[in-house]
Amino acid sequence: MNDTIVQVTGLTKKFKDFTAVDNITFSVPKGEIFAFLGPNGAGKTTTIKMLTTLLLPTSGTILVNGHNAVTDQHDVRKSFGIVFQDPSLEDELTTYENMEFHGVLYSIPKEERKIRIKSLLTFVELWDRKDSLVKTFSGGMKRRLEIARGLLHHPKIFFLDEPTQGLDPQTRNHIWSYLKNLSSKEGITIFFTTHYLEEAQEYADRIAIMDHGHIVTEGTLKTLLKQTKKATLEEAFLSLTGNDIREESASGIDALRRHRQMRGR
Amino acid sequence: MNAIYILWLRELKRYFRSRSRMIGSLGQPLLFLLALGFGLGPIFQKAGQGSYFQFLGPGVICMSILFTAIFSGIQVIWDKQFGFLKETLVAPIPRLHIMLGKTLGGATIATFQGIVVFFLAVLFGFRPELTLLPLTVLYMLLVAVFFTGLGITIASLLEDINGFQIIMNFLVQPLFFLSGALFPLNNLPKAISIVTSFDPLTYGVDGIRGTLIGVSHFGLMLDFITLVVLTLCVLTIGAYFFSKIQI
């Protein structure tokens, strides 16, 4: 029990008559890189939202760092850092100000904040851009800043929802070298989702595959390949989840995304 | 407490850094002030009501506060998905503090916008009494807090921007046009008179007009009490719905 950072038992989330997450149970060992995979609409993001207290489960229990995500939200929130699928930086603020705001929200003392911001911005190679407004940044730079920001308050676990989506291979490699580095040096647990299966194959210690609200399989790459008798994760993934293209109805969020693209935000 | 401050500061920084937004939002009040103020002035005068420009000034100030305040509240809809708000919702701070920080930030901006319009009006010939000016600012702040709070409440309840146009057409515009910002409240047809007395903005306009040109329909005290009560109600309701936001 002491070696798990996330313990999910019988977790279910229903939206009206649709069950997005259906009675899933899994755990994430401390210090591992954990890949949470699945086709669109499988329930990954919904699960992450529940793990990070943004959404209340219909039933089931979630323990993050030993704290209950429903009854003990405050302690859960202190325990994790997150990089959302959609950017959540303030565009009209500078790099440094974005970090500073995060530090204040997490009550990090001023002196410590200064030191920590400098070291993290140096780590993601943005220290020389600390006074630039975020709206002038490329997608990759924003991601790097979000990673630095999410780490500011020394989280025990770091959630990343498609952190490398839409980035070029160079930037993706770059980001993964930070994350790898972090996990080995500081022992932070990394919990990520991605559609780039080669990332999971290369970096993840453990992999869980979700589909139609269920966890289809969970284990190391080796056991997954053995179980499916395939050579690569991609083949294993397809054999487990089928070749059908998932149809997602356009939700309000998609409308917002389109709107945002039009406004160029 | 620090969280409230930093969220307030964030709203201000956003506002002062996007000058185009600031200048753009002065267009509409200016148009109302000049077109209506000078356009309807002669008729108003002939009807024996005095200077329309003097009468309209406080109404247009209120209008700019209303729109700025509601917009900065409604901004939360976008913010839920793409902005900084999501970052604050997972932070270990009470939702109430987030809501208060945002409300006070939006209200400060709206009040500032009202003051800018005040000076614009003066530039074009508006001549206020200056003795009650601090009270004017107080009324402006109350109006600003109320409508930012209302905007945040609505945004907490809406899932996406599809409902936005409905809110604009069926809530914000009527609030403005039925508030007595543009016309005097005495001798109105009964139905309109009743509707105006249910419009919160009416009391803001009345209070601001009372302090600026000494003409008040309900009396400054009633305006003040109504605004304070309504503001407390909207903040309580808003804080409740905001705390229930799930993404």
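A: Helix α3 of chain A is followed by Ser107(A), whose phi is positive, near 50 degrees. Helices here are DSSP runs of H or I with at least four residues, and strands are runs of E with at least two, numbered from the N terminus. The model is predicted: local features need pLDDT of at least 70, side-chain atom pairs count only at pLDDT 80 or more, and totals for chains, interfaces and linings use all residues. Residues are numbered from 1 along each chain as its sequence is written, while chains are lettered from A and ligands numbered from 1 in the order in which they are written.

Helix α3(A) covers residues 95–105, and because eight of its 11 residues are buried, it is largely enclosed by the rest of the structure (buried: 20 or more other C-beta atoms within 10 Å of the residue's own, placed from the backbone; exposed: 12 or fewer; partly exposed: in between). The buried residues are Thr95(A), Asn98(A), Met99(A), Glu100(A), Phe101(A), His102(A), Gly103(A) and Leu105(A). Within chain A, they pack against α4 (110–123) and α5 (139–151); from chain B, α1 (2–17) and α6 (84–89) also pack against them.

Notes:
Contact = placed C-beta atoms within 7 Å.
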